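Welcome! Here is a short briefing to read alongside the sequence and the 3D view.

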Amino acid sequence: MSEAREQILGRLRDARDGLPDAPAAPERYQPVSVLDDESAEGLLSRFRTELEGLQGEVYVVPDEEAALDQVLTLLAESGARHALTWDWPHIPLPGLAHALGEVGIDTLQATPDNREACEAAEAGISGADAAIAATGSLVVSTAPGMGRLATLLPPQHIVLLRQERLLPSLEAWVAQQRADDLAHLGTRSNLCIITGPSRTADIEKNLVLGVHGPGRLQVVVVEGES
Amino acid sequence: MALDANRFAEAASRALQDKQLKAALDHNARLADATRIKSMAATTGAETLRQQGRGARLRGLAQLPELLEQTEEQITARGGQVLWARDADEANRQVLAICQRHGLRFGVKSKSMVTEELHLVPFLEKHGVRMLETDLGEFVVQVDESRPSHIVAPIMHMKKEGIHKLFVEKLGMEPMEDDIDPQVMTRFARQYLRRRYFEADFGITGGNFIIAETGTIAITTNEGNARLGTALQPVHVAIVGIEKVIPTWEDYATLVQTLARSATGQQLSVYSTLYNGPALSEEGDGPQHYYVILVDNGRSDIYGTQYSEALACIRCGACLNTCPVYQNVGGHAYGAVYPGPIGSVITPLLTGVENATPLPFASSLCGACKAACPVDINIPDMLLGLRHDLQEEQSPLWRLGMQAWSWSFSHPLLYETGRKVSAALSGAFSGEDGKLRSLPGPLGAWTEHRDFPPFPQESFHDWWRRERDGQSGQDGD
Ligand code: SF4
């Protein structure tokens, strides 16, 4: 072990007596954002309100067929011809690959060797681990076939989400991970809680969307149980 | 631009006469403060949450050595490498060694205060490694060859006209004829930076929190620059102060949300990114190599002292935005990497009090900083403590000068109207070298603005405590 490590830890151990007392961890943490209505409809309506407030877009569809139509419409509207996607099994919409092929949209998945092609894609398509109603957020995590770039590189990001993945709060998502003994978290090299389109207010507090990440974030929520 | 906190008086005096700066601060700092206040007013049980967040930070500090060991164990188990750095030089050399090991020549960096503190970028550039700032504000600062003036909003001191001029002159942007559009400038920066993300062979980030139980480094951005700057490049180096540790994910859930609310009034920053380790071998993107450098650089000197609480700071910037002194003089005047109220505490502690003697006095002790702080750090008390420490060491004349000076920040009438504070300041600082040693001079100028009050007969410390007790209730607790 390094000398620096031993020295730093030793100094901290020697000095800790002078620290202010720390309160014990609360048995129940108060959530930062509270929800009045935690019914399925309540969650969906709050999620929509929050995300739309950030200039994200939410499309609620009754079934997979309608979801396919919605994705094609969104791509037709933006004029995207190339889509950077997660591997198909990770996007909860069977038939998507086929549907995109039929309308002549090229699709690709990121590999370490196709960076330039990824950059040329005008749209990214992914799923999400979960969505958070109180803050209008999406939780994505990485695994083979579920890369960072599809959620990040193209100016348009379309997320397919099953309504059952909608949770009330960030705290509820953490509780879910805790119940799983943080096992899911532990297998991911990277997670990201995405709350709205990429933005800055650095220049005189003016809001500008799409700085380094997508300026358009479109979530297609498929209602009901899968 | 060299940093010199001992020239605060002179720099503040200059800042007060800078009309452009005044316009920028009037707009930016006050808007940021108002946004936070609005967001907190809309938060249910804000005070409980504040104490919940504070508790998380204090538990992190109380178990710091164990939590750091746990962090290291977790990161190492996932194939990352943890390095420990006692000081800036050691940290910088570790980054350079990583660059040499992997043959890295060009890196993209996301905003990080600790790397500012280490002066990492100039160090790397001196050794032939090019670095590009990717946060829009930090990018502007880098092109401008200046320094950030705020820990969250680096170009709080600038107006859009200045940024436009910079982009046109230094980067060849097409000038805009009529209205200067921030959107067009942002697009320009996006394109300029996007190409370079692909050229870079490594990414550097800081870290807002270390979640010890899984060894996760958490970072928040709104632009997506940290996430992109660690998705395309084969090497990621995260540089984090040792004090950033929190025990659990529940603690993270509280703090990441209170951080966003306090910093920008958002519920969450757009990208709350969490790093666990290098990419798995079958992943199509993400870094193959992941390093975490845990930096001490003076923190263990603060740990366990009466100033320990300063280590709980989550760098939200709320105390800067709300501070009447910061609102008037801006960040550069402090001559320090960390400006504003919390900067006035940690700069003397990190760099040595003798290198920042004016900063503990650059405050009206009005308590706005403590009231704004999402983890309830008692900044006024620590400023007082530092004043006390300094007064023990300094000459009687110096003490008299500082008493007069702090009085000018503290007088209720002056405080009520920020402009009068400015007037008092510019008078008080007009001595030849800006030092308060030249007491009769500045005081002479000062009395042109106001009737001069009799010096309090009691010690400053007692006087302030009496004042404070008389005003309790303004503190928000
Ligand atoms: S001291 Fe408190 S208010 Fe100031 S930056 Fe730190 S956390 Fe924010």
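How much area is buried between chain A and chain B, and what percentage of that area do carbon and sulfur atoms give? In this predicted model, the buried area comes to about 7900 Å², with carbon and sulfur atoms giving 57% of that. The points below begin with this interface, then turn to the ligand and a pair of helices.

**Where the chains meet**
- Chain A brings 83 residues to the contact, and chain B brings 100 residues.
- On the chain A side, V32(A), E204(A) and H212(A) supply 10% of the area that this chain buries against chain B, more than any other three residues.
- The interface of chain A and chain B holds 12 salt bridges.
- E66(B) and R16(A) join their side chains in a salt bridge, at 2.9 Å from N to O.

**Around the ligand**
- Chain B residues surround the ligand, among them I151(B), R315(B), G317(B), I342(B) and P374(B).
- Cysteines in this shell include C313(B), C316(B), C319(B) and C373(B).
- Sorted by class, the shell has 10 nonpolar, one polar and one charged residues.

**Two helices in chain B**
- Helix α2 (residues 19-41) and helix α12 (residues 249-264) of chain B have axes that come within 6 Å and cross at roughly 140°, so α2(B) is oblique to α12(B).

Terms used
Residues are numbered from 1 along each chain as its sequence is written. Chains are lettered from A and ligands numbered from 1 in the order in which they are written. This is a predicted model: local features need pLDDT of at least 70, side-chain atom pairs count only at pLDDT 80 or more; totals for chains, interfaces and linings use all residues. Side-chain values use heavy atoms; hydrogens and water are left out. Axes are lines fitted to C-alpha atoms, for helices over the stretch in contact, and angles run from 0 to 180 degrees between N-to-C directions. Helices (H or I, at least four residues) and strands (E, at least two) are DSSP runs, numbered from the N terminus. Angles under 35 degrees count as roughly parallel, over 145 as roughly antiparallel, 65 to 115 as roughly perpendicular and the rest as oblique. A residue is near a molecule or strand if one of its heavy atoms lies within 4 Å of it. Ala, Val, Leu, Ile, Met, Phe, Trp, Tyr, Cys and Pro count as nonpolar, Asp, Glu, Lys and Arg as charged, and the others, Gly among them, as polar. Contact means heavy atoms within 4.5 Å. Buried area is the accessible area (1.4 Å probe) that two parts lose on being put together, summed over both. A salt bridge is a side-chain nitrogen of Lys or Arg within 4 Å of a carboxyl oxygen of Asp or Glu.
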